[in-house]
Amino acid sequence: GAALRALEIVVAEPERREALLLRSEQLRAGLRDAGYDTGASTTHVVPAIVGSSERAMELCEQALERGVYAQGIRYPSVPEQAARLRFTPMCSHTAAEIETVVEIFRELR
């Protein structure tokens with residue numbers, strides 16, 4: 001039932017998908033501009049590859065202290081020295097909220 005309802009929403013409200021893709025690209029471009037490697041990501045899951053597991057977890061904690069949740073991903077989930085933060089924007093995020101996240105990560109860099 002939940003899956004059917006989700007599909008109905010996808011069909012009835014395409015603006016949600018469009019907003020999600022716009023916000024994801026805004027975040028990806030902003031993080032790249034701030035000096036982060038976002039890899040080959042083209043989906044709504046946006047990575048910021050930082051290398052060391054320690055640095056990824058440090059950034060995760062510092063962001064959380066500033067009200068931003070970006071999941072730290074480290075070995076063995078990814079190869080050693082390929083640790084990253086995983087961002088998952090939502091269609092309900094505003095352009096201003098995404099810009100705030102980018103600015104926070106620019107400062108943390």
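User: Which residues of helix 2 are exposed, and how is that word to be read?

Analyst: Exposed means over 50% relative accessible area, buried under 20%, and partly exposed in between (1.4 Å probe, protein chains only). On one side of helix 2, Leu22 and Asp33 are exposed. Please note that this is a predicted model, in which local features need pLDDT of at least 70, side-chain atom pairs count only at pLDDT 80 or more, and totals for chains, interfaces and linings use all residues. Residues are numbered from 1 along each chain as its sequence is written, and side-chain values use heavy atoms, with hydrogens and water left out.

User: Which residues of helix 2 are buried, and what do they pack against?

Analyst: Helices (H or I, at least four residues) and strands (E, at least two) are DSSP runs, numbered from the N terminus. Leu20, Ser24, Leu27, Arg28, Gly30 and Leu31 are the buried residues of helix 2. They lie on the same side of helix 2 because their arc, taken from the directions from the helix axis to the C-beta atoms, is only 165°. Their packing partners are strand 1 (46-51), strand 3 (83-87) and helix 4 (95-108), where contact means heavy atoms within 4.5 Å.

User: How is a pair of aromatic rings described?

Analyst: The distance of the centres and the angle of the planes describe such a pair. Rings of Phe, Tyr and Trp (its six-membered ring) pair if their centres lie within 6.5 Å; planes under 30 degrees apart count as stacked, over 60 as edge-to-face and the rest as tilted. By this rule there are two aromatic pairs. Tyrosine 36 and phenylalanine 105 have ring centres 6.0 Å apart and planes at 75°, so this pair is edge-to-face. The two residues are 69 residues apart: tyrosine 36 is in the loop between helix 2 and strand 1, and phenylalanine 105 is in helix 4. Phenylalanine 87 and phenylalanine 105 also form an edge-to-face pair, with 5.0 Å from centre to centre and 75° between the planes.
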